[in-house]
Amino acid sequence: MNGAYKIATVAGIDIGVHYTWLFAFALITWTLAGSWFPSDYPDWGEATYWAAAAIAALLLFGSILVHELAHSLVAIARGMSVRSITLFIFGGVSNIGGDTRSARDEFQIAIVGPVSSLLLALAGFLALRAGVGGDDSPVEGILIYFTLANFLVGIFNLLPGFPLDGGRVLRSIIWASTGDNARATGIASGVGIGFGWLLVAAGVLTAITDDVMSGLWMGFVGWYLKDSATAVRRSSKRSITDVPVRAVMSLPERPVHPDVSISALVDEYMIPFERRSVPVVEDDRVVGIITLHDLDGINRNLWGETPVSEGMTGPPLVAVGPDDSLSIAFQLLARYNINQILVIKSDVLVGIIKRSSLLGMVVRERE
Ligand SMILES: [Zn+2]
């Protein structure tokens, strides 16, 4: 993150603080010293309010660091690399390299964050129960804030919308049950966008009816969530066309030799298999493709004596390589208004891409 300053390195992970963190620190300290502590502890004195508020704010950020470290350490244990953790105005982000390899890894990496926040809350709660600090002491006040804040951080992060941890948990569950990573991302980010807007609306309502500062804060957090979820959604959309052709092509069906007659082509290659197109291959090299559409132009009485080579399309061929991106295939389908594209590697037919299967993919993605 630009504008972040490295403050430490833990387990090989750079810990950074973004300058926006200072606003959050100032706001939390100001809120605690100005109203939270004075209303619960009227006897403390001004200096105590500010000292306790600053300590409580630092402890909250320490807790968020623990939360992020939990994500990062599990990610490292699952074989991923973690470059850095950055604390910023809305919390923390772990910069985890690469995509998770399995739904199970994703689930574990995501769930451990809220779990550690809730454990910190539990620890605070138990300390309070044991009477740590004593009645009405600053230590008690700080502990109550610590417990509540960690509880809220844990619960908030469990909301099932991307990019919150709960959204990642939801994504991993959909991913595991459907096997469809992109679809899981689409759903989880859609829920995230919904939560983001809800929070914006709740923030506006709070700002109007109750507390302007809290309302604004909620609104900004909601806006941030909505933007992050939208970015994730967009990148998952983009990935569909970044997919290499080989990942979605069908294996080539039986080709026909260019010397075969049109009537043999229709009777032996097309009708029995309900095929609408057949690649034409000679000596292992692709020389063309022949489709039902091509047959329209040939007098039916001449089918017996016309070879495939006279009716076929190509050369030149409309073709892609197996490592080309799917976006190239999309462009060719649209430009030539055709229903299939041959996938060719060094003149050898290695697959075929059909318009119908691409459309199926796009429709699934949009749902
Ligand atoms: Zn988290």
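Modeller: A pocket is an open set of points on a 1 Å grid over the protein atoms alone, where a 1.4 Å probe fits and protein lies on both sides within 12 Å along at least five of seven lines, its lining residues having an atom within 4 Å of a point. This is a predicted model, in which local features need pLDDT of at least 70 and side-chain atom pairs count only at pLDDT 80 or more, while totals for chains, interfaces and linings use all residues. Residues are numbered from 1 along each chain as its sequence is written, and side-chain values use heavy atoms, with hydrogens and water left out.

Colleague: What volume does the second largest pocket have, and how many residues line it?

Modeller: The space in the second largest pocket comes to about 640 Å³, a volume being what is filled by probe spheres set on the grid points. Its lining holds 27 residues, and those nearest the centre are Ser-277, Thr-291, Ile-338, Asn-339 and Gln-340. Two or more lining residues come from each of strand 5 (277-282), strand 6 (285-291), helix 9 (292-295), strand 8, strand 9 and helix 12 (355-366), where helices (H or I, at least four residues) and strands (E, at least two) are DSSP runs numbered from the N terminus. Strand 9 gives the largest share, 4 residues. By class, the lining divides into 12 nonpolar, 9 polar and 6 charged residues, with Asp, Glu, Lys and Arg counting as charged.

Colleague: Why are strand 7 and strand 9 called edge strands?

Modeller: The open sheet has 3 strands in the order 7-8-9, with mixed pairing. Strand 7 (319-320) and strand 9 (348-354) each have a single partner strand, so one side of each is left without a neighbour in the sheet, and both stand at the edges. Strand 7 and strand 8 (residues 340-345) run parallel and are joined by 2 bridges, and at least two are needed for DSSP strands to count as paired. Within this pairing, Val-320 stands opposite Val-343 of strand 8.

Colleague: Why is Lys-345 called partly exposed?

Modeller: Lys-345, which has its place in strand 8, has a relative accessible area of 48% and is therefore partly exposed, since buried means under 20%, exposed over 50%, and partly exposed in between (1.4 Å probe, protein chains only). Lys-345 touches Pro-322 and Val-350, leaving out residues up to four places away in sequence, contact meaning heavy atoms within 4.5 Å. The C-alpha atoms of Lys-345 and Gly-321 are 5.7 Å apart, although 24 residues separate the two in sequence.

Colleague: Why does Thr-206 count as buried, and which residues does it contact?

Modeller: Thr-206, in helix 6 (residues 181-209), has 17% relative accessibility and therefore counts as buried. Beyond neighbours within four places in sequence, Thr-206 is in contact with Asp-211, Gly-215 and Met-218. A polar atom of the Thr-206 side chain also lies 2.7 Å from the backbone oxygen of Ala-202.

Colleague: Which strands pair with strand 2, and in which sense?

Modeller: Strand 2 (residues 13-18) is mostly covered, with 5 of its 6 residues buried. Strand 1 (residues 4-10) runs antiparallel to strand 2 and is joined to it by 6 bridges, Tyr-5 having Val-17 as its bridge partner. The hairpin of these two strands has 2 residues between them, and there Ala-11 takes a positive phi near 50 degrees. With strand 3 (residues 81-88), strand 2 pairs in the parallel sense over 4 bridges, and Ile-15 has Ile-85 as its bridge partner there.

Colleague: What covers the buried residues of helix 8?

Modeller: The buried residues of helix 8 (residues 262-270) include Ile-262, Leu-265 and Tyr-269. Strand 5, strand 6, helix 9 and helix 10 (308-311) are among the elements that cover them.

Methods
Polar contact = N/O pair within 3.5 Å; in protein donor to acceptor, adjacent residues only side chain to side chain.
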